Amino acid sequence: MFALMQSTRTQSLHLCIDPATGLKAVIAIHSEQHGPAMGGCRYLAYPDDDSAMSDAVRLAQGMTYKAALAGLPFGGGKAVVIRNPHVENRAALFEALGRFIDSLDGRFIVGTDSGTSTVDMDCIAQSTLHVTSTSAAGDPSQHSAMGVFAGIRATSMARLGSDNLEGLRVAVQGLGNVGYALAEQLHAAGADLLVSDLDPGKVQLAMEQFNAHPIAPEALIGTPCDIFAPCGLGAVLNGQSVMQLRCAAVAGSANNQLTTLQIADQLENRGILYAPDYIINSGGLIYVALKHQGADLGSITAHLARIPSRLTEVFAHAQAEKRSPARVAQMLAERLVYST
Ligand code: NAD
């Protein structure tokens, strides 16, 4: 774990167990260089404790880059709670997590992520003020989806020469909080949707509501389409899966889509344009960060509207230097984080 922390330049890792509630959690603080570390909380099952810690470390690094490129005065962090099937009182578990977060004295501010909701954040808020995405503050997923939708248009413009989504075939992997809201916007814009989810109920709903074509989860990545939009979990793009892709671009909400940066080079070699995840999915962070600072909806919307132009700049930079947009985004983020 120290090697991973060193290679990702992670500042600190905080572990907590609370036998009374069954809480087993890890908080990674990647950077506080530009402000307190902000990041979501995952509540998922992991094959082992190391995987949970690595997930937190990698995701926290992404949050630092995301905040920096979005021009937000925050660093990056992430909370991971290891899902325990025997937990009887979920509210008590998240209240215990709130006490753990409170003990960090504002160095980490939490929000929702995969497996958690505004209700869980309300429970955390019983024990700490260092929480966003409560019921009162609002679920950031809609704003994440708005950013991804605008990012898909920018990606389509850069790769296909048009941002008109009418008839564009978009494969949405994962119809959760972000994926479903994204599918709704894509459908409204006239896109032809191919969808998959591990939950058949969500797929059925998308078929009924958006006239979406269902594809088996294992088949979606190799299905011919214009844009592949990963909106499930991370690490979907690895040495094998990248060769299966039959699309012009990858642009979706999932964090940490690439298993390694070399995968971005493979995408580039295959002529597939990659929209860096921590730029295209920054809408949720922009919403919670600005909301936490007391900003009004008008200024949040204006800030969100900068996502497509930021992507377009990165695409242009990447094209000029014949490099992957992922490498350009990382270089720009590291310049912002480490050179001041
Ligand atoms: P979610 O848990 O609500 O939804 C994820 C969905 O993906 C679930 O329905 C799940 O069944 C499905 N899924 C998982 N693996 C799949 C697979 N292999 N094939 C098909 N479907 C699969 O999560 P969410 O909040 O919608 O977030 C989705 C992704 O976007 C995550 O990677 C998250 O970290 C990232 N993200 C979310 C936000 C946000 O505001 N919620 C912001 C930025 C990034």
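Reply: A polar contact is a pair of N or O atoms within 3.5 Å; within protein, one must be able to donate a hydrogen and the other to accept it, and residues adjacent in sequence count only if both atoms are side-chain atoms. This is a predicted model, where local features need pLDDT of at least 70 and side-chain atom pairs count only at pLDDT 80 or more, while totals for chains, interfaces and linings use all residues. Numbering starts from 1 along each chain, and side-chain values use heavy atoms, without hydrogens and water.

Me: How far is the polar side-chain atom of Ser144 from an oxygen atom of the ligand?
Reply: The distance is 2.6 Å. For Asn255, a polar side-chain atom is 2.8 Å from a ligand oxygen.

Me: And which atom of Gly232 is involved?
Reply: A polar backbone atom of Gly232, 2.8 Å from an oxygen atom of the ligand.

Me: How much of the ligand does the protein cover?
Reply: It covers 85% of the 830 Å² of accessible area that the ligand has on its own (Shrake-Rupley method, 1.4 Å probe).

Me: Why does the ligand lie between domain 1 and domain 2?
Reply: Because domain 1 (2-124) and domain 2 (141-338) both give residues to the shell around the ligand. The domain bounds come from an automatic or database assignment.

Me: Different topic. Is Glu218 buried or exposed?
Reply: Glu218 is exposed, with a relative accessible area of 66%. Exposed means over 50%, buried under 20%, and partly exposed in between (1.4 Å probe, protein chains only).

Me: How far is Glu218 from Asp277 in space?
Reply: They are 21 Å apart, C-alpha to C-alpha, and 59 residues apart in sequence.
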